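This briefing is meant for a reader who is meeting the structure for the first time. Please keep the sequence and the 3D view at hand while reading the points that follow.

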Amino acid sequence: MRRTYAYIISIIFMISCFPQLSSGQDTIDFPLKIRLGIEAVGPVSYYTDRNILNTEVYLSADLNEKRSVILSGGYLDYKYSQYNYEYSNKGFFVKAGMDFNLIKPLKSQGKYWAGIGFRYGISHFTSQVPGFSVDNYWGSISGSIPAQTSWGHYLEASPGIRTEIFRSLSLGCSVNIRMLIHTGLGKDLRPIYFPGYGPGANKTSTSFSYFLIWNIPFKKIRVIQQKAPPEESDDTEDNTTNR
Amino acid sequence: MRGYLFAILSGMILILVSCAPQTCYENTDAEVKAYLYKKSTNTNTAPDSITIYGLNMESDKLYDKSINVKSAILPLDISTSACKYVIRINGVNDTLGFGYDNFPYLISKECGYTYYHNLNPDSLTYTTHKIISISVIKSSITNLNEENIRIYY
């Protein structure tokens, strides 16, 4: 009887220690991280084209092995000129949203990320057209549009990848596909380029981002993952065929 | 790991070399599109000949005894809010005056800015030597190919 009780207690103890472990599952300790990223293309491009200074930093925190919340912000100083006009835009932007990791935790281990992020972006900017010229039958006329301050709103989807190259340091890249909601300047004088979004004359915009990321682990969680079903070997198939 | 790094670096190079300037392919002029209608048949018909020039600008004609003109393009004077044209249809002169507001409009990054106009139908004036009547079809004058006024002769 005592043995029976001992067995029962042992089984209950084991079940309580590994409540969700079964023969088809693995558990891993998954590190949740806070990430601080800085966009690399903007500052690099500034050395080749002094008319566009575009900077962006982000802060993200893992909620679990798949999801993380992200907050990013940046600054734009944009100047453009061609034969018939000059344009400038300066301002800030903030984006907030969530990233979803599509890699399974066993492979990701908190080091690799491939997935998609969704964000809502808001920009505050001042745009100006210091001069433009128009020619027609009656002659040539020069005009200007004084500085206008506005708020722009947009949505962004960012599929991308990220990998840890050294301890606590990752590189990541993403394609950013944006949909304009509102520029705040009306349909006649849409901003040629505005912070966080890009070409404001277009309903959609795309860009590439490359991030250098500092990872700070803050917690470990235990993640349970289903084992993949064993694949049938070719030998078995061959044997079956031979029969 | 090397594969990831290669993809990232090659992408960066692609971005740096792909920032080539683009060309403007759009019509940048916002002009009045005047369709010519023969009153007796009420059809869009070209007169035998048409000559059009700005008032006091006879040396610089937009159309000079032109034939097969079913619609005429009339630019507006951006420096003011009114302008007048002389229209000679089949050798008979008339004057046509427009009143309008100008406002700047962004066409595109490549093409830049132009002025659009809003015609004031009440300030449309014309003589009736050959012209019978004029109706305003669309008072907003843009770079789109839209009928703005209809001239009956």
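How many residues of chain A are in contact with chain B, and how many residues of chain B do they meet? In this predicted model, 28 residues of chain A are in contact with 25 residues of chain B.

**The side of chain A that touches chain B**

- The elements of chain A that each give two or more residues to this side are the helix α2 (41-48) and the strands β5 (112-136), β6 (139-166), β7 (169-182) and β8 (204-226).
- The element that gives the most to the side of chain A touching chain B is β6(A), which supplies six residues.

**Strand β8 of chain B and its partners**

- Strand β8 of chain B, which spans residues 112-119, is mostly covered, since six of its eight residues are buried.
- On one side of the pairing, β8(B) is joined by eight bridges to strand β7 of chain B (residues 92-108), and the two strands run antiparallel.
- Within this pair, B:Y100 has B:L119 of β8(B) as its bridge partner, and the two strands form a hairpin with three residues between them.
- β8(B) also pairs with strand β11 of chain B (residues 140-141), again in the antiparallel sense, over two bridges.

**Two residues with positive phi**

- As background to the two cases below, most residues other than glycine have a negative phi.
- A:Q109 is a residue other than glycine whose phi is positive, near 50°, and A:Q109 is found in the loop of chain A between α3 (105-108) and β5.
- Is A:Q109 buried, exposed or partly exposed? A:Q109 counts as partly exposed because it has 16 C-beta neighbours inside 10 Å, a count that lies between the limit of 12 or fewer for exposed residues and that of 20 or more for buried ones.
- In chain B, B:N56 likewise is not a glycine and has a positive phi, of about 65°, and B:N56 lies in the loop between β3 (50-54) and β4 (61-66) of that chain.
- B:N56 has 8 C-beta neighbours inside 10 Å and therefore counts as exposed.

Note on methods
Residues are numbered from 1 along each chain as its sequence is written. Chains are lettered from A and ligands numbered from 1 in the order in which they are written. This is a predicted model: local features need pLDDT of at least 70, side-chain atom pairs count only at pLDDT 80 or more; totals for chains, interfaces and linings use all residues. Two residues are in contact if their C-beta atoms, placed from the backbone, lie within 7 Å. Helices (H or I, at least four residues) and strands (E, at least two) are DSSP runs, numbered from the N terminus. Two strands pair if DSSP finds at least two bridges between them.
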